[in-house]
Amino acid sequence: MNPGASIKCRSSLYMITKALESGALKPGEPVLEITSGNQGCGLAVVCAVLGHPLTVTMSAGNSVQRAIHMEALGARCVRVPQVDGTYGKVTLADVTAAEEKGLQLVEETGAYYVNQFNNDMNSRAHYETTGPEIWRQTGQRVDAFVAAVGTAGTFAGTSRYLKEKDPSIVCVVVEPEGSEAIKGCEVTKPMHLMQGSGYGCVPNLFNYEHLDDTISVSDEEVLEYKRLIGEKEGLFVGYTSAANVLAAAKLLKAGKLKEDAWVVTVLCDTGLK
């Protein structure tokens, strides 16, 4: 279940649980995280249930609906002014500004810093849950796995698990056109619609060992697929989810897989935020 309408509900629970088990976080102590809103929504659910006051810092360029969602679950959301992005299009510099504010608050309050971008338990959560869930639900029939990358937690953990089960499974990263750092390209378009991913850098949790290919998507294509998924499948998803489905379709059309291949991806967020 993803009660916060985010794939990051599971990594949020895993990271907080492991922090409690290790003693890094004590019962009832405050928690702080830097987020684009997706991890924050997952953490808001977990912290509400487990009784930890949560503060998140988020770029003001991320949709205000994300802040409303987190605050409705009792979190405090500090929206940090953008550096060079625009509303709905958040750059690496914008994220860095939110990070600087978050680290300042950690210093001032002594809150436990989740640190999703560098927390190995982030990717471990998907190795322990998302990968096995996919393997089980497909009846062990997976030819390819496709996912966009923000922290890289979902891709790193899931691809590792699937590759251990079958090394021939093709694992593909989705990147916005012009912000294809994992592909090795110069970043020429840091502003795009895929909030929470495609920051124009290679995340610390990312492992090239489990990567077979990358697929690039444009804002125009993502908008079209977001519309199609709603009208054809009855699912109101966010831009990154639409990008994942678009990339899966591109991979199938490319002719690189067998004719009846099964390509798996994730709908990582909802269009409501």
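**Entry 1. Second largest cavity**

I looked up the lining of the second largest cavity in this predicted model and sorted it by class: 6 nonpolar, 10 polar and 1 charged residues. For the classes I counted Ala, Val, Leu, Ile, Met, Phe, Trp, Tyr, Cys and Pro as nonpolar, Asp, Glu, Lys and Arg as charged, and the others, Gly among them, as polar. The space in this cavity is about 120 Å³. Thr 35, Ser 36, Val 95, Phe 117 and Tyr 199 are the closest to its centre among the 17 lining residues. Helix 2 and helix 4 (92-109) each supply at least two residues of this lining. At least three residues come from each of domain 1 (7-113) and domain 2 (120-265), with bounds from an automatic or database domain assignment.

As the model is predicted, local features need pLDDT of at least 70 and side-chain atom pairs count only at pLDDT 80 or more, while totals for chains, interfaces and linings use all residues.

A cavity is a set of points, on a 1 Å grid over the protein atoms alone, where a 1.4 Å probe fits but cannot get out; a pocket is an open set with protein on both sides within 12 Å along at least five of seven lines, and lining residues have an atom within 4 Å of a point. Points are joined across faces, edges and corners, and a volume is the space filled by probe spheres set on them.

**Entry 2. Largest cavity**

I found 3 cavities of 30 Å³ or more. The largest holds about 230 Å³ and has 21 lining residues, with Lys 8, Gly 150, Gly 196, Thr 240 and Cys 268 nearest its centre. Domain 1 and domain 2 both give residues to this lining, so the largest cavity lies between them.

**Entry 3. Largest pocket**

I recorded about 330 Å³ for the largest pocket. Its lining has 20 residues, and the largest share, 4 residues, comes from helix 6.

**Entry 4. Helix 2 and helix 3**

I took helices as DSSP runs (H or I, at least four residues; strands are E, at least two), numbered from the N terminus. The axes of helix 2 (residues 38-50) and helix 3 (residues 64-72) come within 9 Å and cross at roughly 10°. That makes helix 2 roughly parallel to helix 3, the term for angles under 35 degrees. Axes are lines fitted to C-alpha atoms over the stretch in contact, and angles run from 0 to 180 degrees between N-to-C directions.

Terms used
Residues are numbered from 1 along each chain as its sequence is written. Side-chain values use heavy atoms; hydrogens and water are left out. Angles under 35 degrees count as roughly parallel, over 145 as roughly antiparallel, 65 to 115 as roughly perpendicular and the rest as oblique.
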